Amino acid sequence: KSFAFLTHTFTQRAMASQFTARKKIVKAAGEPDDFEQTVAQAIFDLEATNTELKGDLRELYITSAKEVDISASRKAIVVQVPFRLLKPFHKIQQRLVRELEKKFSGKDVVIVAARRIMQKPTTGISNARPRSRTLTAVHEAILEDLVYPTEIVGKRIRYKLDGSKLLKVYLDPKDRNTTEYKLETFAGVYKRLTGKDVVFEFEV
């Protein structure tokens, strides 16, 4: 009887925890998959146990989380957040990423805002689409999200012999010690999100 009671209590607690963690992910459509629920649970656990993050995380939630293969031995977790919550996430991003990378040991965590690209208007009215919703602007914003809080100090486009383009992004060298290990991850995630090749380097 006592074993059955303990099992029932444990199940209730697990369900309650899962239900509460569900508040940490709000998808535009559909239900979160198992991996997204795991990330949401990790964020909820940090809110419940980490005194540094508790207050700031209370009103925050994510919209998606995906695991991305960067190389044969390296994986990254791409966490998307609502655009309107990007600034509050930035406020705690370094601490949050550090704690999530501890929980998902061996995986880099990056945070990007969920942005929507609007197609070119067919009416010929050029101002019918905000610049922030153009393909170019969204891709530029993704670059800035990926490397935050490091600043981008320059960009150059290199044309390869086959006619394809390679974007080179130069980062502020003052963050070399804290960011250099993630350059491969930034490039891999950008390629996954945009289909474009990019190389990140530090300005000399």
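A: Lys27 touches Pro32, Glu36, Thr63 and Ser64, leaving aside residues up to four places away in sequence. The model is predicted. Lys27 sits in the loop between helix 1 (2–21) and helix 2 (34–49). Is Lys27 buried, partly exposed or exposed? Lys27 has a relative accessible area of 25%, so it counts as partly exposed. Buried would require under 20%. Val81 is 54 residues from Lys27 in sequence, yet the two C-alpha atoms are 9.9 Å apart.

Now the sheet beside this loop. One of the residues that Lys27 touches is Ser64. Strand 1 spans residues 64–71, and strand 2 spans residues 74–82. These two strands pair in the antiparallel sense, over seven bridges. A hairpin of two residues links strand 1 to strand 2. Ala65 has Val79 of strand 2 as its bridge partner. Ser71 stands opposite Arg74 in strand 2.

The three strands form an open sheet in the order 1-2-3, with mixed pairing. Strand 1 and strand 3 each have a single partner strand, so one side of each has no neighbour in the sheet. Neighbouring strands are turned by 25° against each other on average, direction ignored. In general, strands of a sheet pair through backbone hydrogen bonds, either parallel or antiparallel.

Next come the helices across this sheet. Helix 2 lies across strand 1 and strand 2, at about 105° to strand 1. Helix 7 lies across strand 1, strand 2 and strand 3, and runs at about 115° to strand 1.

Strand 5 (residues 165–171) runs parallel to strand 6, and five bridges join them. Val169 faces Phe200 of strand 6.

The peptide bond from Tyr148 to Pro149 is cis, with omega near 10°. Pro149 also belongs to a pocket. Along with Gln94, Thr178, Tyr181 and Lys182, Pro149 is among the lining residues that lie nearest the centre of the largest pocket.

That pocket holds about 340 Å³ of space. Its lining has 19 residues. They divide into 10 nonpolar, five polar and four charged. Helix 4 gives the largest share, with five residues.

Helix 5 also takes part in the second largest pocket. This pocket has a volume of about 290 Å³. Helix 5, strand 4 and strand 5 each supply at least two lining residues. Helix 5 gives the most, with four. The lining includes Thr136, His139, Glu140, Leu143, Lys155 and Ile157. Lys165, Leu166, Leu167, Tyr190, Lys196 and Asp197 are also part of the lining. By type, the lining divides into five nonpolar, two polar and five charged residues.

Finally, the whole chain. Seven helices and six strands make up its secondary structure. Along the sequence the pattern reads α-α-α-β-β-α-β-α-β-β-α-α-β. The chain has 204 residues, and 40% of them are buried. Take the contacts with a separation of 6 or more: 58% of them join residues 24 or more positions apart.

Technical notes
Residues are numbered from 1 along each chain as its sequence is written. This is a predicted model: local features need pLDDT of at least 70, side-chain atom pairs count only at pLDDT 80 or more; totals for chains, interfaces and linings use all residues. Side-chain values use heavy atoms; hydrogens and water are left out. Two strands pair if DSSP finds at least two bridges between them. On a 1 Å grid over the protein atoms alone, a cavity is a set of points where a 1.4 Å probe fits but cannot get out, and a pocket is an open set with protein on both sides within 12 Å along at least five of seven lines; lining residues have an atom within 4 Å of a point. Grid points are joined across faces, edges and corners, and a volume is the space filled by probe spheres set on the points. Ala, Val, Leu, Ile, Met, Phe, Trp, Tyr, Cys and Pro count as nonpolar, Asp, Glu, Lys and Arg as charged, and the others, Gly among them, as polar. Buried means under 20% relative accessible area, exposed over 50%, partly exposed in between (1.4 Å probe, protein chains only). Contact means heavy atoms within 4.5 Å. Axes are lines fitted to C-alpha atoms, for helices over the stretch in contact, and angles run from 0 to 180 degrees between N-to-C directions.
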